[in-house]
Amino acid sequence: MILLLALLAVPGAAAGAKYLYGSPELSATIAGTNEFAPGADTSLTVIISNSGLNTHKIVGSDIVNRDDLPNTAKLATAALKSENTPFTVKTDPQFVSDIAGGASKTATFNVKVADSAKPGTYVLPLEVTYTYLQEAEEYGPDTLRYYYQKKTETLPLSVRVTPDLRVEVLGVRSESLNVGTEGYVYLTLKNVGHDTANKAVAKVVRNGASPLIPTDGSAYIGTFEPGETVDVKFKVSVSDNAEPQSYPLDVVVTYEDYEEKTATSKVVTIGLPVGGKIDFKVASPTVTLNPGGKSILEVVYKNTGAAKVYNAQARISAVDPFTSNDDTAYLGDLAPGETATARFEVSIDADATLKEYGIDSEIRYRDDLDNSKISDTMKVRVALEKKSGAIFTNPVFLAVIAAVIIGAGYYIFVYRKKR
């Protein structure tokens, strides 16, 4: 459509020029790479160039100079379209202003590639709308009338979706994952992408500050074809400050892609349940012993934790007034809720203060993965009391009794002899 925009009056003293033929000639290219992986969320910068020429020029003293040239794309606006492609454009049309002949302008669009995008080449239409000077009509020696034309051009932009490896976790199973212990994680992975992964290695990675910490976090897969499933196994430890609940763990696969370049799949986060910690308590009441000599200290221990322990051994730390050359007792395997009795031989000072004592005790055991662990310290309560009838075993008392008996015997002997 031809538009009449203005009447312009200018002094006509100097020689002027007018162009008989010319119009904008636009083209568009992508700055940087035009290859994108499925799932990419990126900025796409487009360069819009104007190669339009003014091919015929007339110069004369009676010609009034034009303000605009016919090969200038004025007030240009660029809009990126994505119909029938796996691309989503998240940016509105961009105003790029005037594009003179021989010049270029840029426009940037935020673009999201669908996760399910199939590899291949796609065309994104770039619609550029602009106005240009179609004709300038002279009225007398000093007056011009401008006629502008509005036009929309569709410029093709070629983009390519590259093959990639996308991992889907089909199955998750854990074994012996308890607070403060180490356990196994079993995963079933599927390549739902379109690239054959070579030299593929599955990995589990700590998610932020999660208490799940991989201790053997890599499993070699080898060639991982699209649609193929594999089973992998990892070893993961759980920190002591965790609680019995589910925690996140990240899964990735590193591999060589179709260009033999090292690549890493998009992170997949899974949740793993963690059981309670392994713990024990002294289940027996306060034990009463007597000072002086040796005694047998019997202690009942109970597995109050959430997992079975193996080859458990109890140990006490005897301190004054206690001593022991037999401070370790074998308990065996203990399932949650089970108890076992330990027997320790202790010696107690004869002059020990009669009161209740707390003897430190701990249990060394092995978990499901045969890791050696030591429990928290527990107190074994021991009360010292004098043995009832202890006066009859006192040496002084016994000496007095002996003297009395001897004296009485001597008296009876002398008395009978005199008679």
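The side chain of asparagine 290 reaches the backbone oxygen of glutamate 385 at 2.7 Å. This contact, taken from a predicted model, is a handy place to begin a tour of the structure. Asparagine 290 sits in the loop between β23 (287-289) and β24. Once the neighbours within four places in sequence are set aside, the residues in contact with asparagine 290 are Ser295, Ile348, Glu385, Lys386 and Lys387. For one of these, lysine 386, the C-alpha atom lies 5.7 Å from that of asparagine 290, although 96 residues separate the two in sequence.

Among contacts between residues at least 6 apart in sequence, 70% join residues at least 24 apart. The accessible surface comes to about 22600 Å², and carbon and sulfur atoms account for 50% of that area.

Salt bridges come next, and the structure holds 14 of them. One of these joins the side chains of lysine 90 and aspartate 41, with N and O 3.0 Å apart. Lysine 90 belongs to the loop between β8 (87-89) and β9 (94-99), while aspartate 41 belongs to strand β5 (residues 41-50), so the pair ties together parts that are 49 residues apart in sequence. Lysine 90 itself is partly exposed, at a relative accessible area of 49%; this value falls in the partly exposed class because exposed means over 50%.

β5 pairs with strand β10 (residues 104-113) in the antiparallel sense, over nine bridges. Within this pairing, isoleucine 47 has threonine 106 of β10 as its bridge partner. β8 also runs antiparallel to β10, and three bridges join the two strands. Here phenylalanine 87 stands opposite valine 113 in β10. β10 therefore has both β5 and β8 as partners, since two strands pair if at least two bridges are found between them.

A second salt bridge links glutamate 345 with lysine 294, and the closest N and O atoms of this pair are 3.9 Å apart. The distance still qualifies because the cut-off is 4 Å. Glutamate 345 is placed in strand β28 (residues 339-348) and lysine 294 in strand β24 (residues 294-303), so two parts 51 residues apart in sequence are tied together by the pair. The two partners can also be described by their accessibility: glutamate 345 is partly exposed, at a relative accessible area of 36%, whereas lysine 294 is exposed, at 61%.

Another salt bridge brings together the side chains of arginine 315 and glutamate 362, at 2.9 Å from N to O. Arginine 315 lies in strand β25 (residues 309-317) and glutamate 362 in strand β29 (residues 356-366), so this pair ties together parts that are 47 residues apart in sequence. Arginine 315 counts as partly exposed, with 33% relative accessibility.

Methods: Residues are numbered from 1 along each chain as its sequence is written. This is a predicted model: local features need pLDDT of at least 70, side-chain atom pairs count only at pLDDT 80 or more; totals for chains, interfaces and linings use all residues. Side-chain values use heavy atoms; hydrogens and water are left out. Helices (H or I, at least four residues) and strands (E, at least two) are DSSP runs, numbered from the N terminus. Buried means under 20% relative accessible area, exposed over 50%, partly exposed in between (1.4 Å probe, protein chains only). Contact means heavy atoms within 4.5 Å. A polar contact is a pair of N or O atoms within 3.5 Å; within protein, one must be able to donate a hydrogen and the other to accept it, and residues adjacent in sequence count only if both atoms are side-chain atoms. Accessible areas come from the Shrake-Rupley method with a 1.4 Å probe; for residues, only the protein chains shown count as cover.
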